[in-house]
Amino acid sequence: MPGTVVVLGFVSLLTDISTEMVTAVLPLFVTMGLGLSPLFFGLLDGFYQAGTAVARIGGGYAADRLGRPKAVAVAGYGLGVLSKVVLLPAAGFAALSGAIGLDRIGKGLRTGPRDALIAEASPPGALGRSFGVHRALDTLGALLGPVAAFYLLAVVPGDFDAVFTVSMCVAGLGVLLLLGKVAERPAAPAARPRARLREAVRLAARRTPMRRMLVAAAAMSALTVSDAFIYLTLLERGAVSAQIFPLLFLATGVVYLTGAVPLGRLADRYGRPRVFMAGHVAIVAAYLVASGADGLPAAGVTLALLGLYYAATDGVLPAAAAVMVPGEWRATAISALQTCVALGRGLAAVVFGALWAAAGPAPALWAFAGGLAVVLLFAAPTLMRGPLGGRE
Amino acid sequence: MKNRANKIMIGLAVLLVAAAVGTVLTSVLSRSGTSAAGTADPALFEERHIVFRSLRPGPDLGRVGYVRAGEEQAGRRGLAGPHCLRIAAAGRQAVCLRAGRAPGRPYEVAALDEGLAETADEPLSGVPSRARVAPDGRHFATTVFVSGHNYISLGFSTETIIYQRDGKVVGNLEDFTFLINGKQDRSVDRNVWGVTFAADSDRFFVTVAASGRTYLARGDLATRTLTAIQDNAECPSLSPDQTKIAYKKRVNDTSQDAWRFHWLDLKTGREHPLGESRSIDDQLAWLDDEHLMYAVPKAAGGRTTADIWVAPLDGGPPRTLIPDADSPTVVGALT
């Protein structure tokens, strides 16, 4: 395992602990600390998602154009630290939305360049495993963050400033680790082509595996229901009680965490697009099980399938993309893919929400399961072309 | 050169760790010291007292506080019972909404007896928002913001539950039948919050939001129904003499200046504004039949805290009643 990949994994682990600490206490901070209603959060969410998409594409392109993915990643992680600094004196809604906005822009900026760094540090045959290791550490951080915040608030009840300060320090450690232990991409030799926008457009216009992947990922994501709706379905059907509801994301996270590396290795061996598609088969199954779930066993199966979906797609997608484009375009390609996925999921949330309101959870899930199955059938032949599935 | 950069990095990392540990230690030390809390005054529920959440810095921050009504300024602040995020009391009963004791149980509600000792606790499915105890103490109600995790970004919804004195659930108000103009509303996005109980404790008023509109509704535990009676009135509070309802009205869609307090005369049907000109998000509580209490957040020494204010019904100017406190309710004689 390349050292850089592990270091980047720990950078993400620290950053996620930091971010999730804040996310976990933010609703309490807003109601108890600021005396505001958290209902206002919902209004801003769409706005932030659009902002993240722009920052993501921008971050990937800037990393390739400047030939300095590490520098852009440092800027992205740095904004994450800065957002906690802004939170400290936050006394009102404006400062609060500013802090959240900074955090999301930072997250958008750093993702593409960081994944490009992982891809560069990893032998092409082990990309799936490398991304698996990174995502496992990343998810571990996301699970540890809320627990850390919980214990911290138990020691210093009501002292949100202490939580924000510790969160900022943890994020700062992540940035230091990145600065000190990850090398910048070596300067391009004069002979090596430099990334230019015209080139990118030409690449995207051609019938490349990359373009097929982009279209397929966008179409599949547009039929991917967010976990929240699946958890709510389980709650609505009485498969889980409100008391264990907070633990559902934890269960999904644990499956994702344990499955990320094995599924990454499987992807290296049998083809990344194949495992990516298999992940979507798992989520179709998750919809079907959830729509009829009547007890804890069914809920458990749903959560396991959901975790497998993440393990088979989240790190496998950039691993697949990394070998489909020339090295100098990696950050752009990966962030373009992730933007397509994010926008697709955003669209899916809106459509699914409307369907849920009109017809109820089970019919909405059946509709999405049917739609996704059709897309999978259409996408399978093109995506699995070639001996390793998409690697031509 | 490389070596030096390494040393700087390690130095910075040590600084960060020290800053984190220092912040937590400072916070812990600022709370150490002797707690002023004791056993609750035996006369607490016999004579008129204001029960609240004490926000004085130190080891008793968040603990149940009380002061004799009429002696708010000069009277000694009594401190007893657990640390809470929200408190309400009435009859011979109090409730405390607080952080849970395990990561899988983030929040819980504890029922307290007249000595403010815990008699039962139940998990809550979100961040505490409102709490009320019925005047006879037979029932109590909680409202929480059900929020998801980061993976979940659905926005927020509320959950309002009515319990018996012993913590047994009577009902989740989302499951009650909701009637608008005599017709049953079947919208799935319904949200219910902010209960106030009538004297008999089986009837109550509450806020219901459905299909983008917000209603003041009358509720009935026997028939498990909610009936819309008016638009745009949130977090109602019924006066001790049962003739007036006070609430907050949404006057603006922006978050900065969203609310104004009003009260409705149930005999004449006329609505009157309170003299409070700030936008405050709280459920009003009656000090007596002529005065209303509410908490106003304030920043003090970099920390956000609150004072309890009081405003007269006649629209006169509000004033601070109890500094460094929130969650006020009155116990003792009803009127």
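Why is strand β26 of chain B largely enclosed by the rest of the structure? Count its buried residues: 7 of the 7 in this stretch, residues 325-331, are buried, so the rest of the structure largely encloses it. Keep in mind that you're looking at a predicted model. Below is a quick tour, starting with chain A's helices and moving on to chain B's strands.

**Chain A as a whole**

- Out of its 392 residues, 59% count as buried.
- Look at contacts in chain A with a separation of 6 or more: 84% of them link residues 24 or more positions apart.

**Two helix pairs in chain A**

- A handy idea first: two packed helices are described by the angle between their axes and the distance between the axes.
- Start with helix α1 (residues 3-33) and helix α3 (residues 69-87) of chain A, which pack at an angle of about 25° with their axes 11 Å apart.
- Angles under 35 degrees count as roughly parallel, and that's why α1(A) is called roughly parallel to α3(A).
- The crossing of α1(A) and α3(A) is left-handed.
- On the α1(A) side, the contact is made by A:V11, A:T15, A:S18, A:T19 and A:V22. On the α3(A) side, you'll find A:Y77, A:G80, A:K84 and A:L87.
- Sorted by class, this contact between α1(A) and α3(A) has 4 nonpolar, 4 polar and 1 charged residues.
- Now for helix α9 (residues 227-236) and helix α11 (residues 272-291) of chain A: their axes come within 9 Å and cross at roughly 25°.
- That makes α9(A) roughly parallel to α11(A), and their crossing is left-handed.
- Here the contact is made by A:I230, A:T233 and A:L234 of α9(A), together with A:A286, A:A290 and A:S291 of α11(A).
- By class, the α9(A) and α11(A) contact has 4 nonpolar and 2 polar residues, with no charged ones.

**The β4 to β7 sheet in chain B**

- Four strands of chain B make an open sheet in the order β4-β5-β6-β7, with antiparallel pairing.
- At the edges stand β4 (86-90) and β7 (118-124) of chain B; each has a single partner strand, so one side of each is left without a neighbour in the sheet.
- On average, neighbouring strands of this sheet are turned by 25° against each other, direction ignored.
- Zoom in on β4(B) and strand β5 (residues 93-102) of chain B, and you'll find 5 bridges joining them in the antiparallel sense.

- Another open sheet of 4 strands in chain B runs in the order β8-β9-β10-β11, and its pairing is antiparallel.
- Its edges are β8 (127-133) and β11 (169-172) of chain B, each with a single partner strand, so one side of each has no neighbour in the sheet.
- From one strand to the next, the twist averages 20°.
- Strand β9 (residues 139-146) and strand β10 (residues 157-164) of chain B pair in the antiparallel sense over 8 bridges.
- Among the residues involved is B:H139, which has B:Q164 as its bridge partner in β10(B).

- Strand β1 (residues 49-54) of chain B is joined to β26(B) by 5 bridges, and the two run antiparallel.
- One spot to check is B:I50, whose bridge partner in β26(B) is B:V330.
- Most residues other than glycine have a negative phi.
- B:S327 isn't a glycine, yet it has a positive phi of about 55°. You'll find B:S327 in strand β26 of chain B.
- Buried is the word for B:S327, because it has 30 C-beta neighbours inside 10 Å and 20 or more is enough.
- B:Q242 also isn't a glycine, and its phi is positive at about 65°. Look for B:Q242 in the loop between β18 (234-238) and β19 (244-250) of chain B.
- With 16 C-beta neighbours inside 10 Å, B:Q242 counts as partly exposed.

Key:
Residues numbered from 1 in each chain as written. Chains lettered and ligands numbered in written order. Predicted model: local features only at pLDDT ≥ 70, side-chain atom pairs only at ≥ 80, totals over all residues. Buried ≥ 20, exposed ≤ 12 C-beta atoms within 10 Å, placed from the backbone. Contact = placed C-beta atoms within 7 Å. Pairing = 2+ DSSP bridges. Axes fitted to C-alpha atoms, helices over the stretch in contact; angles between N-to-C directions. Parallel < 35°, antiparallel > 145°, perpendicular 65-115°, else oblique. Left-handed = near helix turned anticlockwise from the far one by under 90°. Nonpolar A, V, L, I, M, F, W, Y, C, P; charged D, E, K, R; others polar.
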